[in-house]
Number of protein chains: 4
Amino acid sequence: MEYKIREFNLPKLNGISQKQIETHLGLYSGYVTHVNLLREQIAELTETDADKYAYAITETRRRLGFEFSGMRMHEYYFEQFENGSSVQSVTLDTVLSGKYGSWEGFIKHFKEVGMSRGIGWTVLYLDNVSQTPHTAWVTDHELGHLAGLPILLAMDMWEHAFMVDYTPAEKAKYIDAFLANINWELVATRYEQASK
Amino acid sequence: MEYKIREFNLPKLNGISQKQIETHLGLYSGYVTHVNLLREQIAELTETDADKYAYAITETRRRLGFEFSGMRMHEYYFEQFENGSSVQSVTLDTVLSGKYGSWEGFIKHFKEVGMSRGIGWTVLYLDNVSQTPHTAWVTDHELGHLAGLPILLAMDMWEHAFMVDYTPAEKAKYIDAFLANINWELVATRYEQASK
Amino acid sequence: MEYKIREFNLPKLNGISQKQIETHLGLYSGYVTHVNLLREQIAELTETDADKYAYAITETRRRLGFEFSGMRMHEYYFEQFENGSSVQSVTLDTVLSGKYGSWEGFIKHFKEVGMSRGIGWTVLYLDNVSQTPHTAWVTDHELGHLAGLPILLAMDMWEHAFMVDYTPAEKAKYIDAFLANINWELVATRYEQASK
Amino acid sequence: MEYKIREFNLPKLNGISQKQIETHLGLYSGYVTHVNLLREQIAELTETDADKYAYAITETRRRLGFEFSGMRMHEYYFEQFENGSSVQSVTLDTVLSGKYGSWEGFIKHFKEVGMSRGIGWTVLYLDNVSQTPHTAWVTDHELGHLAGLPILLAMDMWEHAFMVDYTPAEKAKYIDAFLANINWELVATRYEQASK
């Protein structure tokens, strides 16, 4: 099994330029390539001499979290822009208002977590055990995930996600642009799948 | 919403002592307590002065991944011992043999990842997009997860999981004991839920 | 004691624009501000109710490594450009050739480590116990340091260090530009201080 | 250059058993072995095919921080017990009282940082730029160091450091035992070297 680079059917976005998206898609494809490369190199070293290279094999495998999550998080990200922005669904509004007081309360909270210092992701999960949504910060692509929880919304806060269009001091503008382009129907579909 | 400490109905285990389990359950309950405490302190600081304490609030929130995943991973862990060990199911055998050559190939691979240096977890996930199982090492409770993937099997490799019974130099014995006590029917149920 | 924002007397650089440097200096000043803020908020919470806020205090303190190292690494970085580029010193050449075969061997190695995936720093340390130089990758500003070792050379590989001038795909060009502007006499002075 | 396992001339300790120390020294020797092994495997892969294995080489090298700092931190640790406990020196008392109010204030603070959740180290550094001592928590051996700062005192808070003698719930007792056995004259010598 080899992972394939997904194609995304993206509309013109508000506040996120075509050049920004192209640069970003180039980085995404690198993660797919490196998930496959990581697995290939482990397979080759194992075949060559599994005992001799046991240490290098283990330490290469340790990076699966970075490469795989780098790949998958970007797939969540770009997919959210497909088919263009839409208004929030009734279901999502109910669920998120239940936790954050109102839809506006959720948006305010999500933005605040997005302004966390450092680079990484802001992620809205559903705890499908307690049926509670949680918003968390993840450093890099893999450091800090809520274990096992399905992901409803993923905002890339690496500098490469916005520095074609904005300086780091302007990252609040990028967050506004990100939220303005979300297809909330897709997020609602993820919620329905997750809450089963 | 407040998280509650789960009770586990555990049989007598082979190679893992009652004292070891009690020590470990005590640590688990600490994670539940601290998920709730983290959320309480954020709420209190927000109410007291959200602007003044914005930094402390953000940096406290950053630890949600550690506390929540510490709680949830231990729930996966103890639940796996409930109702006693069982043989692997036909479904699991087919799926894991497809990736690792045979059931024995999977067990060998899982043990190797378990012997990774440092402390953390060995985790079997299902990539529910590609329907491929992956085994990964997670440092601490939250560093290195495969983003968004459901968890099928979770082996605690923190020193507290075995040092009542074994020294760190004997950790391979603990891994054998862990695997000897698994209720594979539960793991198969998780697989069925995850692959939908 | 409060940390002060250092002023750097920087010449015009080759391949690194004035706008890039200004953006970068702005980020540096944020680290100084946040080292002080972190300490202030801990002091205030301790004074308000040290027992009640013990958890928030500890979790805020945990970020000292990020903020302090973010501040200090940038001080190493900008200082290296002061007074303009210079040729390598005889002492440094001898020490680094002893480890990496030749000066060119060192430069090649340093560039390779610089091309590591992810964001962070490439750091040349001196192990002052064994008098051996080591080149290591540090993620973020604080993840992966060689404990206690003095730093001889620090190259910022966060995307903010080059994305005003280059895309992430062009980061090798930034590395060349970085090395073309180094005042190696300063690096030699750091070596002399470190090797005492 | 190959790193050698250091021998420590340790007295009988109060509250830390001989079996605990032997288990711990065994783990220390593993870090020395793995620093050397990491460098060997990188050299072998580079010689075999540097281009083909570029990824595995980089990802193996990324672990140098863990192995090297694991080695060096344990050397700081055991060395602190050599020649037996001693009272604090006048110099150290002055420096630490200047930051923490009194010697007792420093000890209280150091213990509090030691009780941070998770495993790692509590480290007293000297910022030799501002001549200010800082106490910080380091996760694992390498995550969170204050960049470039010399180390004055290092307390191992991995579970392996105390679980032969204490349960995790009793870790405050281990901290007391650790502090009761410190040769503060050595710490003062480190301070004198660091403050030059």
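Biologist: What covers the buried residues of helix α7 of chain A?

Modeller: Two conventions first. This is a predicted model, in which local features need pLDDT of at least 70 and side-chain atom pairs count only at pLDDT 80 or more, while totals for chains, interfaces and linings use all residues. Residues are numbered from 1 along each chain as its sequence is written, chains are lettered from A and ligands numbered from 1 in the order in which they are written, and side-chain values use heavy atoms, with hydrogens and water left out. Buried means under 20% relative accessible area, exposed over 50%, and partly exposed in between (1.4 Å probe, protein chains only). Helices (H or I, at least four residues) and strands (E, at least two) are DSSP runs, numbered from the N terminus. In α7(A), residues 184-194, the buried residues are A:Trp184, A:Leu186, A:Val187, A:Ala188, A:Arg190, A:Tyr191 and A:Ala194. Their cover includes α3 (64-79), α4 (90-100), α5 (103-114), α6 (171-180), β1 (120-127) and β3 (151-156), again of chain A.

Biologist: Which way do the residues of strand β2 of chain C point?

Modeller: In a regular strand the side chains alternate between the two faces of the sheet. From β2(C), C:Thr132, C:His134, C:Ala136 and C:Val138 point one way, and C:Pro133, C:Thr135, C:Trp137 and C:Thr139 the other. Because 8 of the 8 residues in this strand (132-139) are buried, β2(C) is largely enclosed by the rest of the structure.

Biologist: In which sense do β1(C) and β2(C) pair?

Modeller: Two strands pair if DSSP finds at least two bridges between them. Here β1(C), residues 120-127, and β2(C) are antiparallel over 8 bridges. C:Leu124 stands opposite C:Thr135. The hairpin has 4 residues between its strands, and C:Gln131 takes a positive phi near 55 degrees.

Biologist: Where is D:Ile42, and is this residue buried or exposed?

Modeller: D:Ile42 sits in helix α1 of chain D, residues 18-49. Its relative accessible area is 13%, so D:Ile42 is buried. Contact means heavy atoms within 4.5 Å. Beyond the neighbours within four places in sequence, D:Ile42 is in contact with D:Ile57, D:Thr60 and D:Arg61. D:Glu59 is 17 residues away from D:Ile42 in sequence, with 9.8 Å between their C-alpha atoms.
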